[in-house]
Amino acid sequence: MLTWFRWIARAEGVSLLALMGIGMPVKYGLGEPLLVEWFGPIHGVLFLVYVGVLGLCVLRLGWSPTRAAIGFVASLLPGGTFVFEWK
């Protein structure tokens, strides 16, 4: 379960960084929304999978509600899932 969580956390973190660090600047700086159209749905799916696996970790591994809340908040911050997964 932890291995799955680590891989999903990393993928979700990379997708958020790609969306915010590449897609959004290209969209608003150059006026080209193509990258956001690609990164947005990919990130959305990975975010939902991350939250689902986080919930499974709470149920199966006995993570506390506090740890789950921190994990959820971490998913909203660029690079947050990397720090949460590392800790």
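This note sets out numbered points on a predicted model, covering its overall build, its core and selected residues.

1. Overall architecture. The protein contains four helices and zero strands, and its elements follow the order α-α-α-α from the N terminus on. Along the principal axes, the C-alpha atoms occupy a box of roughly 45 × 20 × 20 Å.

2. Burial and surface. The protein has 87 residues, of which 32% count as buried. Its accessible surface amounts to about 5500 Å², with 74% of that belonging to carbon and sulfur atoms.

3. Contacts across the sequence. When contacts between residues at least 6 apart in sequence are considered, 63% of them join residues at least 24 apart.

4. The nonpolar core. Ten residues make up the largest nonpolar core: Phe-5, Ile-8, Ala-9, Tyr-50, Val-53, Leu-54, Cys-57, Trp-63, Ala-74 and Phe-84. Helix H1 (2–30) and helix H2 (34–61) are the elements that give two or more residues to this core. The largest share, four residues, is contributed by H2. As a general point, nonpolar side chains tend to be buried together in soluble globular proteins.

5. Helix H2. With 28 residues, H2 spans 40 Å from its first C-alpha to its last, which is close to the 40 Å expected at 1.5 Å a residue. Its buried residues are Val-36, His-43, Leu-46, Tyr-50, Val-53, Leu-54 and Cys-57. The cover over these buried residues includes H1, helix H3 (65–76) and helix H4 (80–86). Just after H2, a positive phi of about 75° is found at Gly-62.

6. Trp-63. This residue is a member of the largest nonpolar core. Neighbours within four places in sequence aside, Trp-63 is in contact with Leu-2, Phe-5, Leu-54, Cys-57, Val-58 and Phe-84. Among these partners, Phe-5, Leu-54, Cys-57 and Phe-84 also belong to the core.

7. Leu-76. Helix H3 holds Leu-76. Not counting residues up to four places away in sequence, Leu-76 touches Leu-16 and Phe-47.

Technical notes:
Residues numbered from 1 in each chain as written. Predicted model: local features only at pLDDT ≥ 70, side-chain atom pairs only at ≥ 80, totals over all residues. Heavy atoms only, no water. Core = buried A, V, L, I, M, F, W, Y, C linked by side-chain atoms within 4.5 Å. Buried < 20%, exposed > 50% of the residue type's maximum accessible area, 1.4 Å probe, protein only. Contact = heavy atoms within 4.5 Å. Expected span 1.5 Å × (residues − 1). Areas by Shrake-Rupley, 256 points an atom, 1.4 Å probe, with all protein chains shown as cover.
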